[in-house]
Amino acid sequence: MSRPVVGVIGGGAWGVALAAAAARTGGLTLLFSRRIRSGNGLLPVGVEVAASDSDIVDRARLLVLAVPSAVARDVARSLGSYLDGRHFVVHGVRGLVPRPDEDGRADRVAELETVCDVVRDETPVRRVGALGGPALASDLLAGRPSVMVCGSRYPEVNRALRDAFSSPDATPPHHRRPARPRMGERLGRLPGDRRGYARGVGLGPGLLAAVITRAVEEAARLAAAAGGNERTLLGLAGYGDLLASIEQSDRPEVLVGEALAKGKTLKEALADARQRVEAVELTERVVAWAEVHGVRAPILGALAHGVLAGRASDELVHELMMTGPMSEQP
């Protein structure tokens, strides 16, 4: 049986890379983005541009959202009138989205939702999932061997993802329940700018390893408190994705951390990165959520209230060294 038609929504580097990976399996792969039009010479081989959002929904049963989490709700809402129960919608983006209040505004300490939650809120689709892991966009585009992680409560969604992305160059995505790999990735990625900051102020690898390990432990506690599986942070979607991220010196999180260590303001650091850095926005929200729900997260708190706020580096290093041992319970 041939795999289902795959539709990728989002024309950034990650969306194009996912479309390229799906196209290598030999089935029809569609890509929709307002920034990409037919005839674009940068499109991967085997990827066809969909004419509109209604066109891609009509032709593809498996849809992969690869848009920034900040616009995920708007995109899901725009697709809602075209989607129905036959569709599988999988999000391939990192991020936790604030649940809007009664007036439709996102509160700083609002409950945080995964993009799966957003899809359920804004569309009639119920068979949802997440796709991610330590795979890098550059590797997927180049056809280098890669490993991805998928998560869905629905076996048919996991099968569709394996059929869509399994090729000689890509390991079939692993699946786990509950479906929270992207929560693990997003929380696991938060220490990324800390790595850049540590490198910028000259911390040794031993202290850097201690800080990252404690930060991942905190992220695991947060994931568990939010209803996820803390072990996700210890696998491919957590540590795996973090290790892949911090090895890339040009990652925006790392560049922002280095710039802050050199004394630049957050506004200047973000301008130098020339990319949207979701970790900056998410860190404040996650720390505020942790405080409201009584989850102890001193490392991430130092990141939000210290590194991003521009406090002196020597003061922050002392604070990081004085945080409790890794075995301490919240």
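Colleagues, the model is predicted, so local features need pLDDT of at least 70 and side-chain atom pairs count only at pLDDT 80 or more, while totals for chains, interfaces and linings use all residues. Residues are numbered from 1 along each chain as its sequence is written, and side-chain values use heavy atoms, with hydrogens and water left out.

I begin with the whole protein. Its secondary structure comes to 15 helices and ten strands; these are DSSP runs, helices being H or I of at least four residues and strands E of at least two, numbered from the N terminus. Of the 330 residues, 55% count as buried, meaning under 20% relative accessible area with a 1.4 Å probe and protein chains only. Among contacts (heavy atoms within 4.5 Å) between residues at least 6 apart in sequence, 69% join residues at least 24 apart.

I turn now to the largest pocket. Its volume is about 1,200 Å³, taken as the space filled by probe spheres set on grid points that are joined across faces, edges and corners. A pocket here is an open set of points on a 1 Å grid over the protein atoms alone, where a 1.4 Å probe fits, with protein on both sides within 12 Å along at least five of seven lines; lining residues have an atom within 4 Å of a point. The lining holds 39 residues, and Gly-12, Ala-13, Trp-14, Pro-68 and Gln-275 lie nearest the centre of the pocket. Which helix gives the largest share of the lining? That is H3, with four residues.

Gly-10 lies in the loop between strand S1 (6-9) and H1, and counts as buried at 8% relative accessibility. The residues that Gly-10 touches include Gly-15, Leu-31, Phe-32 and Ala-66, not counting residues up to four places away in sequence. Gly-10 and Val-75 are 65 residues apart in sequence, yet 9.7 Å apart in space, C-alpha to C-alpha.

Ser-152 occupies the loop between strand S9 (146-151) and helix H6 (155-165). Is Ser-152 buried or exposed? Ser-152 is buried, with a relative accessible area of 0%, and its side chain reaches the backbone oxygen of Val-128 at 2.8 Å.

Finally, Ala-288 lies in helix H13 and is buried, at 1% relative accessible area. Its C-alpha atom is separated by 9.4 Å from that of Ala-304, 16 residues apart along the chain.

Note on methods. Buried means under 20% relative accessible area, exposed over 50%, partly exposed in between (1.4 Å probe, protein chains only). A polar contact is a pair of N or O atoms within 3.5 Å; within protein, one must be able to donate a hydrogen and the other to accept it, and residues adjacent in sequence count only if both atoms are side-chain atoms.
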